[in-house]
Amino acid sequence: MATEATTTTKFPKSDLRPIPQLPEFHPSIVVPAQNTTLKFWQLMVAGSIAGSVEHMAMFPVDTVKTHMQALRSCPIKPIGIRQAFRSIIKTDGPSALYRGIWAMGLGAGPAHAVYFSFYEVSKKFLSGDNPNNSAAHAISGVFATVSSDAVFTPMDMVKQRLQIGNGTYKGVWDCIKRVMREEGFGAFYASYRTTVLMNAPFTAVHFATYEAVKRGMREMLPEHGGAGGDEEQEGLLVYATAGAAAGGLAAAVTTPLDVVKTQLQCQGVCGCDRFKSSSISDVFRTIVKKDGYRGLARGWLPRMLFHAPAAAICWSTYETVKSLFQDVNGDLNVA
């Protein structure tokens with residue numbers, strides 16, 4: 001009894017205060033979460049814009065790379081970036097650096113629309129509830145590239161022929177008509193198998209690296225003062241850095257197949273060898289016989305110099321456009 005009395009005196013009911021409770025669940029609390037899912041057409045638009053900006057911005061570097069990879073003289077002499085650049089300027093003038101850019105524009109937009117939309121859909125399906133599933137990112141990248149290459153390969157072939165054509169073709173439509181008339185429709189897809197075999201590992205390495213670097217940087221930034229900084233600028237820094245690392249690494253790994261692709265797409269133009277078939281092994285042997293194993297590495301530096309900043313530009317643009325669409329979806333949901 002004494003204990004009860006003491007307890008009552010020590011803890012009077014008037015001194016007890018209710019513990020504040022979290023507000024009950026309400027749909028308005030989770031409105032931002034609803035905006036993370038974009039419509040398929042929005043992914044396609046974001047990808048199309050990103051791909052066009054990427055390739056247009058870095059097109060001169062791609063032209064230099066194509067000239068370095070096209071084996072047109074025998075014996076082959078080593079050619080560096082400066083030598084290729086000066087040769088293009090001296091022979092055809094500065095405008096030659098942009099020859100074929102309209103073919104790139106016609107192909108890059110639709111191809112990247114397919115590329116990114118297929119990637120996002122595949123990643124969501126394969127990853128499940130695990131956002132750190134690198135295998136799912138890599139496989140999704142392969143699915144994306146097989147689909148987009150079917151759209152991009154014909155225009156890529158036209159683009160490369162115009163880049164080294166030196167007046168052989170008057171423009172995009174002239175090239176398309178002449179190739180169709182002289183070589184047939186199959187010429188547009190002569191390099192498709194090589195392109196897929198190149199871009200499948202390229203994309204697997206690219207996407208897996210991009211997601212891994214992006215995740216790692218997001219974990220590191222708060223420890224280095226990122227929490228108090230400009231969130232938008234931090235996001236662009238992450239996307240650009242992760243994209244550059246992914247693009248550069250993937251480009252270096254797949255350069256030999258890119259050389260083979262260039263030979264198949266430029267065959268018969270300006271002294272380039274013409275092949276009896278589109279067999280990758282035949283082209284490999286021709287390159288090694290004519291230029292040695294070093295020929296398989298031609299253009300590796302400009303290829304990296306193209307893909308590192310190009311991927312940084314592409315991913316930054318893509319993620320930015322996605323964020324804009326998410327904001328628009330959010331405003332529509334709130335309204």
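Trainee: How do you know whether K261 is buried or exposed?
Mentor: This is a predicted model, and the answer comes from the relative accessible area computed for K261, which is 6%. Buried means under 20%, so K261 counts as buried.

Trainee: What makes the contact between K261 and D156 a salt bridge?
Mentor: The closest N and O atoms of K261 and D156 are 3.0 Å apart. The cut-off is within 4 Å, so the pair qualifies. The two residues come from distant parts of the chain: K261 lies in helix α11 (residues 255-266) and D156 in helix α7 (residues 134-164), 105 residues apart.

Trainee: And D156, is it called buried or exposed?
Mentor: Buried, because its relative accessible area is 5%, under the 20% limit.

Trainee: What about R161, what makes its contact with E183 a salt bridge?
Mentor: The N to O distance between the side chains of R161 and E183 is 2.7 Å, and a salt bridge needs the atoms within 4 Å, so this pair is one. The pair links R161 in helix α7 with E183 in the loop between α8 (172-182) and α9 (192-220), 22 residues apart.

Trainee: Which other residue meets E183 in a salt bridge?
Mentor: R274 does, at 3.6 Å from N to O. This pair also links distant parts of the chain: R274 is in the loop between α11 and α12 (280-291), E183 is in the loop between α8 and α9, and they are 91 residues apart. Elsewhere, salt bridges that share partners join D62, K65, D156, K159, D258, K261 and R303 into one network.

Trainee: How many salt bridges does the structure hold?
Mentor: The total is 20.

Trainee: Now the helix packing. Why is the pair α9 and α11 called roughly antiparallel?
Mentor: Their axes meet at an angle of about 160° and are 9 Å apart. Angles over 145 degrees count as roughly antiparallel, so the label applies to α9 and α11.

Trainee: Which handedness does the crossing of α9 and α11 have?
Mentor: α9 passes α11 in a left-handed crossing.

Trainee: How do you know that α6 spans close to what is expected?
Mentor: Helix α6 (residues 101-127) has 27 residues and reaches 37 Å from its first C-alpha to its last. α6 does bend, by about 25° at A108, with a proline, P110, following within four residues. Just after α6, G128 takes a positive phi of about 65°.

Trainee: V114 is in helix α6. Is V114 buried or exposed, and how do you know?
Mentor: The relative accessible area of V114 is 14%. That is under 20%, so V114 is buried. The C-alpha atoms of V114 and V151 are separated by 8.3 Å, and these residues are 37 apart along the chain.

Trainee: Last one: what does the secondary structure of the whole protein come to?
Mentor: There are 13 helices and 0 strands. As for burial, buried residues make up 46% of the 335 residues.

Definitions and conventions: Residues are numbered from 1 along each chain as its sequence is written. This is a predicted model: local features need pLDDT of at least 70, side-chain atom pairs count only at pLDDT 80 or more; totals for chains, interfaces and linings use all residues. Side-chain values use heavy atoms; hydrogens and water are left out. The expected span of a helix is 1.5 Å times one less than its number of residues. The bend at a residue is the angle between axes fitted to the seven residues ending there and the seven starting there. Buried means under 20% relative accessible area, exposed over 50%, partly exposed in between (1.4 Å probe, protein chains only). Axes are lines fitted to C-alpha atoms, for helices over the stretch in contact, and angles run from 0 to 180 degrees between N-to-C directions. Angles under 35 degrees count as roughly parallel, over 145 as roughly antiparallel, 65 to 115 as roughly perpendicular and the rest as oblique. A crossing is left-handed if the near helix is turned anticlockwise from the far one by less than a right angle, and right-handed if clockwise.
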